[in-house]
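Please look over the model below before reading on. My notes follow as numbered points.

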Amino acid sequence: MHPTTVQSDVMRVYTDVVEKAKVDCDKLLLRAKQEMGQVDDSQCLVAEMGSRVNQRHKMIQQNIREMTQQHINAIKDREAVLLLRLQKVRQVKLKTLEQQQSELNLTAMCLRKAAEELSLSGQSGREMDLINSCNKAVEIFREVQGRFGNLAVQEDDIIEYVPPDTGIITTLSSNAFGSVNGS
C-alpha cells in the first residue's frame, strides 16, 4: 500500500467521525435542552407540592387542635356538672345536720327546763308541783324519744365519686381519638 492511500483512508475515516460527532452533538444538545426543561418543570412541581404539603399540614394541625379543644371542653363541662352535683350533695347533708342541731338545741333547752322544774319541785315540798313537774318531764321525754329515737345523727358522711371506666383513657390515647397518616 502506498503511504498516500493510507493517509487518504485515515483522513476519510477521520472526516466521517468528525461529521458524525457534529450530528451527534446537535442531537445531544437538543436532548440536553429538553431534559433541562423537564428538570425545570419537575422543580416547579416539587416546589408546588411542598407548598401543598405545608397547606395541608396547617389544615390538619388546625383540625387536630379543634378536635382536642372539643374534647377538653366536654371534659371541663362534665367536671363542672360533677362539682355542682358534689356541692349540692354537701349542701343537703349540711342542711340536714344544721336542722338536727337546731332541734337538739331546742330539746336540750326543754330538758334543762324540765330538770330545773323537777329540781325546784322536789325541793319546794309542794306535792302538786312535784306531780305536775313529773308529768311534764315524762311528756318531754316521750316527745324527745318520739322525735329522735336514740338521738343518732340523722346524716352520714357518705359522698362517693364513681370515676369513669379506665378504658376511656385508653380510648383517648389510642386511634379512637384520631390518627395522622401519610402515603
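1. The side chains of Ser 133 and Ser 121 form a polar contact of 2.4 Å. (A polar contact is an N or O pair within 3.5 Å; within protein, one atom must be able to donate a hydrogen and the other to accept it, and residues adjacent in sequence count only if both atoms are side-chain atoms.)

2. This is a predicted model: local features need pLDDT of at least 70, side-chain atom pairs need 80 or more, and totals for chains, interfaces and linings use all residues. Residues are numbered from 1 along each chain as its sequence is written, and side-chain values use heavy atoms, without hydrogens and water.

3. Ser 133 sits in helix α2, residues 127-148. (Helices are DSSP runs of H or I, at least four residues; strands are runs of E, at least two; numbering starts at the N terminus.) Ser 133 is buried, at 7% relative accessible area. (Buried means under 20%, with a 1.4 Å probe and protein chains only.) Leaving out residues up to four places away in sequence, Ser 133 touches Glu 117, Leu 118 and Ser 121. (Contact means heavy atoms within 4.5 Å.)

4. The chain has 3 helices and 0 strands. The order is α-α-α from the N terminus. The radius of gyration is 52 Å, well over the 16 Å of the globule rule for 183 residues, so the chain is more spread out than a compact globule. (The radius is taken over C-alpha atoms; the rule is 2.2 Å times the number of residues to the power 0.38.)

5. Along the principal axes, the C-alpha atoms fill a box of roughly 175 × 25 × 20 Å. Of the 183 residues, 5% count as buried.

How values were computed. Buried < 20%, exposed > 50% of the residue type's maximum accessible area, 1.4 Å probe, protein only.
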